[in-house]
Amino acid sequence: MQIRHVLVLALGVAACKPVGSNRDSAAVTTGAPVVANARIGTPVPPGDGDWTMPAHDYASSRYSTLAQITSANVKNLKAAWTFSTGVLRGHEGQPLVVNKTMYVVTPYPNVAYAIDLTQPGYPLKWKYRPDNSQAAVGTACCDVVNRGAAYSEGRLVYNLLDGHTVAVDAESGKQLWRVQMADLNRGETITMAPLVVKNRVIVGSSGGEMGVRGWIAALDIATGRELWRAYNTGSDADVKIGPRFKPFYATERGKDLGLTSWPGDAWKIGGGAVWGWLSYDPQLNLVYHGTSNPGPWNQDMRPGDNKWTCAILARDADTGELVWAFQVTPHDYWDYDAVNENILVDMPVKGQVRKTLVHFDRNGFAYTLDRATGEVLVAQPFVPMNWARYINLETGRPEIDTSKATRQGKLVKNICPSLEGGKNQQPAAFSPQTGLFYVPTNNLCMDFESRPVSYIAGTPYIGANAPETGGPGNYKGEFIAWDASNGRKAWGIREPFPVWGGALVTAGNVVFYGTLDGWLKGANARTGELLWQFRVGSGIVGNPITFTGPDGKQYVAVYSGIGGDMGLLIAGDVAANLPFDVRERGTTLPDLARYTSWGGMLFVFSL
Amino acid sequence: MRRAIRYVILMALTAPLACVRDSDAAEAREPDIVRRQQPRASAQQATFIQHPDNIQPGLSLRGGFIRLTNPFEGDQAKVREGGALFVSYNCMDCHGADGSGAMGPSLADGRWHFGGSAGEVFQSIYEGRPEGMPAWGGRIPDDQIWRLVAYVQSLGAGKDVSTENFTGRTIQKMGH
């Protein structure tokens with residue numbers, strides 16, 4: 001009852017009509033980079049006209065050297081062709097382009113298509129429909145999304161919602177192997193995009209809301225045989241902590257912290273899933289990944305730091321050994337997963353060029369770390385934020401505003417950002433031309449009330465209500481450019497809805513992103529000036545890519561198809577095809593259903 | 001009455017619950033509850049399928065659940081107890097606060113994937129459903145399932161959500 005009153009009040013204040021985008025302090029001049037001498041920290045894959053891995057390169061830059069489409073001519077960009085995926089629901093992720101073929105993977109049932117780019121009308125080379133358990137649909141917390149495939153040496157590799165990893169012959173579509181990695185009966189699913197490192201496929205689990213015990217594993221790409229699996233909670237042996245483990249901060253050191261930072265056996269159902277993006281530094285041979293929130297959300301049930309949830313972990317790619325760890329949000333009170341992408345960039349920080357890892361966390365802080373050691377170099381809020389005063393660079397830990405610390409049986413009001421985070425899965429991009437990071441963000445706040453919860457295998461393990469409202473200001477999302485060397489915003493484009501699609505930036509000085517209300521937008525990467533936009537059919541929660549077609553032209557491609565946590569849960573039901581289950585609209589984005597409905601289309605653009 | 005509610009919640013929290021997706025128990029035989037309430041179920045079923053006009057696509061003909069009636073029909077106290085169980089068994093975190101829909105479908109829109117009669121809702125809870133609804137039969141007492149049925153049926157009563165008018169006020173939704 002009480003919650004109802006509060007919410008109605010909050011709605012009255014936050015009610016906002018979607019209007020045209022407002023630019024916010026676009027004051028950057030053209031010419032020199034904003035951050036000089038910043039470069040992508042890993043080699044760019046050969047043949048930059050293709051897009052062979054989820055984030056384009058191991059550094060997760062989502063930067064392309066293609067430059068036919070520029071800030072001068074992008075206004076002439078037109079839809080070239082489209083393709084229906086045959087599936088509704090949230091189309092997160094991105095297609096791949098390899099050897100004149102485009103590969104598309106859909107949300108559940110995770111159909112893969114190979115589209116021949118050399119033929120008129122772009123016919124299919126093949127279509128692959130995997131065996132994929134229907135029970136996965138109701139086990140996935142936040143829509144039945146898939147964040148894409150990886151390509152390596154004639155194989156397409158991706159994960160199925162029901163917990164399998166599959167490899168398909170890229171020429172014929174024939175299934176090469178199919179291996180069960182996750183256990184649906186324990187609430188595990190897989191939604192993340194794998195990364196192929198040498199002859200290994202790296203995959204991780206979803207299910208942080210289901211009382212899972214999160215893990216990351218490596219499979220032999222030739223056979224699917226499991227080479228190593230590391231858990232993110234439990235004993236040092238299970239976490240793969242050994243003599244090489246040298247975390248930067250003292251609070252990350254100690255024996256069996258994955259056990260001792262939990263009460264009793266809570267670590268067994270404590271979350272720490274790996275549903276986000278992976279990066280890899282070939283020189284250091286380290287794979288970087290984040291871990292999800294601890295379970296349950298009710299923090300009173302799990303006193304302690306709850307390691308290694310809400311953490312960034314660096315593991316040896318060959319063995320899975322943990323080399324360093326940094327717990328971004330120790331003892332999470334707010335569902336601030338740390339699974340967002342880690343972008344590897346070499347750039348000057350405080351006058352010295354460092355090998356950095358840049359991470360825009362759910363908790364609202366943008367972290368610039370030393371990626372060899374895990375030291376925090378810069379940590380500044382990139383969205384409206386009130387749960388912490390600052391990050392203590394001596395300890396790496398946040399100084400928490402205790403009035404925002406959630407407690408069982410207490411309604412804690414107006415916590416920013418909301419549990420969706422200052423940023424969620426929507427990946428950022430980095431341009432060495434400008435030295436800036438391009439970040440799709442949310443501006444949401446929440447009230448939070450937790451309660452006791454029982455663990456029942458295969459059901460949610462949450463124990464909290466967290467209704468959300470718009471954050472301060474008349475906007476719920478902003479696409480920003482960020483200077484990670486100094487920890488400050490360069491410019492921003494305000495959006496009426498959270499920006500749930502990822503970013504792409506090109507050598508043509510154009511940055512692309514999609515919106516929940518169905519616009520693909522192109523802006524000047526230096527200034528943030530909006531240069532072009534096109535209204536696709538359904539809201540965009542996927543990530544644009546760019547490639548060179550067989551005709552030598554540069555193309556931009558993106559999925560249209562609203563869904564994911566933002567589309568499915570927060571906006572209420574925007575589907576029209578189900579005669580049952582017509583949900584009433586949620587409060588957070590009450591107007592979204594007016595601007596979009598479910599879809600599943602690929603859009604491809606060219607000049 | 002308060003004492004009764006507390007008792008039910010306590011049971012819910014302490015009930016020994018293993019893997020709830022193992023529906024072998026429900027598959028193996030017709031549940032006691034069906035046999036008890038429907039001693040002549042097989043005879044009725046045979047009569048039913050002799051009339052093709054009455055056969056509907058997708059209708060489950062096994063189990064006899066559809067003809068079960070809720071012993072707690074119209075009992076508001078049991079509806080409230082069902083609401084407490086809805087939270088205790090984590091139903092809320094799938095189906096949303098007040099059954100408004102989240103991971104799992106809405107239970108509050110007056111529309112039903114598998115039928116909205118008391119017996120059909122009982123069957124959905126007892127046997128589970130293919131897209132991830134766990135089979136609770138044998139895991140929790142039948143009388144608790146009936147309380148859940150009473151609660152779930154109360155959510156969508158009298159609602160009409162056929163039309164979405166985008167100019168009106170919207171309802172608030174909680175949970176995840």
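The model is predicted: local features need pLDDT of at least 70, side-chain atom pairs count only at pLDDT 80 or more, and totals for chains, interfaces and linings use all residues. Residues are numbered from 1 along each chain as its sequence is written, while chains are lettered from A and ligands numbered from 1 in the order in which they are written.

**Chain B overall**

- Chain B contains 8 helices and 0 strands, where helices (H or I, at least four residues) and strands (E, at least two) are DSSP runs numbered from the N terminus.
- Read from the N terminus, its elements run α-α-α-α-α-α-α-α.
- Of the 176 residues of chain B, 39% are buried; a residue is buried if 20 or more other C-beta atoms lie within 10 Å of its own, exposed if 12 or fewer, and partly exposed in between, with C-beta atoms placed from the backbone.
- Among contacts in chain B with a separation of 6 or more, 74% come from residues 24 or more positions apart; two residues are in contact if their C-beta atoms, placed from the backbone, lie within 7 Å.

**Helix H7 of chain B**

- H7(B) spans residues 118-127 and is mostly covered, with 10 of its 10 residues buried.
- The buried residues include Val121(B), Phe122(B), Ile125(B) and Tyr126(B), and also Glu120(B) and Glu127(B).
- Gly128(B) follows H7(B) and has a positive phi, near 75 degrees.

**Packing of H5 and H8 in chain B**

- H5(B) (residues 76-88) and H8(B) (residues 142-155) pack at an angle of about 100 degrees, with their axes 7 Å apart; axes are lines fitted to C-alpha atoms, for helices over the stretch in contact, and angles run from 0 to 180 degrees between N-to-C directions.
- That angle makes H5(B) roughly perpendicular to H8(B), a class that takes angles of 65 to 115 degrees.
- On the H5(B) side the contact includes Val79(B), Leu85(B) and Phe86(B), and on the H8(B) side it includes Leu148(B), Ala150(B) and Tyr151(B).
- The contact residues divide into 6 nonpolar, 4 polar and 3 charged; Ala, Val, Leu, Ile, Met, Phe, Trp, Tyr, Cys and Pro count as nonpolar, Asp, Glu, Lys and Arg as charged, and the others, Gly among them, as polar.

**Strand S15 of chain A**

- S14(A) (residues 200-204) pairs with S15(A) in the antiparallel sense over 5 bridges; strands pair if DSSP finds at least two bridges between them.
- S16(A) (residues 226-231) also runs antiparallel to S15(A), joined by 5 bridges.
- Ala217(A) is the bridge partner of Val203(A) and stands opposite Arg229(A) in S16(A).
- S15(A) and S16(A) form a hairpin with 5 residues between them, and Gly224(A) in the turn has a positive phi of about 85 degrees.

Technical notes
Angles under 35 degrees count as roughly parallel, over 145 as roughly antiparallel, 65 to 115 as roughly perpendicular and the rest as oblique.
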